[in-house]
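Subject: Structure for your review

Dear colleague,

Please find the structure below, followed by my notes on how its chains meet. I would be glad if you could read them side by side.

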There are 2 protein chains.
Amino acid sequence: MGIKVLTIKESVLGANDVNAERNQRLLDKHGILTINIMSSPGAGKTSLILQTIDGLRGKTRIAIIEGDVASTVDAARVSEQGVPVVQINTAGGCHLDASMTGQAMNALPLADIDLLLIENVGNLICPAEFALGEHRRVMLLSLPEGHDKPHKYPLMFTEADVVLVNKVDLLPYLDFDMAGFNEAVTGLNPDVRILPVSCKTGEGLKEWLSWLEAERVRRYPRQT
Amino acid sequence: MGIKVLTIKESVLGANDVNAERNQRLLDKHGILTINIMSSPGAGKTSLILQTIDGLRGKTRIAIIEGDVASTVDAARVSEQGVPVVQINTAGGCHLDASMTGQAMNALPLADIDLLLIENVGNLICPAEFALGEHRRVMLLSLPEGHDKPHKYPLMFTEADVVLVNKVDLLPYLDFDMAGFNEAVTGLNPDVRILPVSCKTGEGLKEWLSWLEAERVRRYPRQT
């Protein structure tokens with residue numbers, strides 16, 4: 001059929017960047033710090049979001065965009081916390097893009113939000129290639145996934161501003177080389193912040209919440 | 001540039017199926033049972049392969065194709081076991097396809113292989129869409145990923161012939177609802193075989209090896 005497959009990705013990514021910039025202008029207009037949260041399936045993105053809502057309750061007005069291939073399992077859990085949430089189902093798509101994100105933003109009360117957390121589709125590969133309009137990128141690596149992941153999925157670790165090493169409560173039961181992991185991550189990304197946390201026990205979450213609040217003050221000093 | 005993005009996927013998948021059928025004809029000519037192993041990053045695909053090599057040593061001639069976005073970490077571990085191994089690096093691609101697999105097969109001594117294990121890229125979404133020429137599809141779900149995964153990644157569970165529930169040694173330290181998980185999987189895929197295993201302690205691996213050998217005898221009865 002004469003279709004030139006190799007030109008497609010470039011074209012799609014170009015259009016995505018235009019949409020991402022439009023999203024970011026709208027977010028900045030409303031003073032909404034926006035975080036793109038990425039990880040493998042089951043690394044703890046939803047648990048991190050629930051802990052963040054709980055930790056910033058009464059201080060910061062939070063909204064959530066939930067990305068999933070299918071189901072509204074996560075959005076239902078988040079919605080119980082009384083924050084605005086929009087679910088995107090990608091119907092097989094392996095990442096969110098800026099167009100989907102823009103549509104979800106249209107369904108949120110932007111004038112009443114200080115912090116937008118976007119839970120990307122569970123995938124350690126493609127989400128790192130698509131800007132959504134976010135200000136910062138956070139990835140979770142859960143301990144049971146193993147310390148070799150930076151070597152095997154380098155782009156995600158290169159693109160992240162913060163790497164949260166989740167499920168540290170399982171450390172006694174696993175063979176996880178924390179020093180080797182840290183060295184591999186900083187080798188790819190010298191400026192990255194690495195924070196060990198447990199969304200189950202709460203360990204390390206104070207540092208995560210402090211980082212979030214500092215980012216917000218830095219970006220929108222007049223509001224805070 | 002007038003590129004019709006929507007027609008692409010169909011075209012690529014059609015070409016992939018042609019290549020997958022060609023691969024399978026070659027595998028059948030040589031009597032090589034071929035298994036496509038899929039999971040999230042860090043669920044234990046390489047550990048399963050190492051245990052399988054060990055468990056079938058002296059009985060079955062095994063070869064491995066390793067798929068990764070980057071690095072040769074897994075291929076190096078497997079190669080130490082003295083079996084033929086070919087590494088495919090997808091350079092950012094989130095799944096193997098039949099063309100890559102065919103090229104890797106060309107680098108293997110097909111006349112001297114009974115069982116080919118293909119470790120797909122760590123990703124719970126896209127690999128399920130691309131046939132490689134395999135006879136059976138096996139997916140690993142590791143306990144720390146959580147029991148809600150069938151709802152969120154339904155295609156992978158629908159396409160699998162066997163679901164190995166790995167890392168059952170961590171069950172005491174996690175909130176994993178095994179009955180609910182089994183029910184969700186069989187709801188999507190009534191004919192699936194679910195086997196709880198631990199590639200760390202060896203639990204359940206006897207059943208896995210028995211299933212593999214039974215499949216091989218069933219498919220190529222004259223050789224065995």
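A salt bridge is taken here as a side-chain nitrogen of Lys or Arg within 4 Å of a carboxyl oxygen of Asp or Glu. By that rule, 4 salt bridges are counted between chain B and chain A, and one of the pairs that form a salt bridge is A:Lys200 with B:Asp175, whose closest N and O atoms are 4.0 Å apart.

This is a predicted model, in which local features need pLDDT of at least 70 and side-chain atom pairs count only at pLDDT 80 or more, while totals for chains, interfaces and linings use all residues. Residues are numbered from 1 along each chain as its sequence is written, chains are lettered from A and ligands numbered from 1 in the order in which they are written, and side-chain values use heavy atoms, with hydrogens and water left out.

On confidence, the model scores ipTM 0.90 and pTM 0.92. Chain A has a mean pLDDT (the predictor's confidence in each residue, from 0 to 100) of 93, with 94% of its residues at 70 or more.

Contact (heavy atoms within 4.5 Å) joins 38 residues of chain B to 37 residues of chain A. Because 97% of the interface residues of chain B are also interface residues in chain A, the copies meet through the same surface.

The buried area (the accessible area, with a 1.4 Å probe, that two parts lose on being put together, summed over both) is about 3,100 Å² between chain B and chain A, with carbon and sulfur atoms giving 65% of it. Of the area that chain B buries against chain A, B:Pro41, B:Lys152 and B:Tyr173 supply 19%, more than any other three residues.
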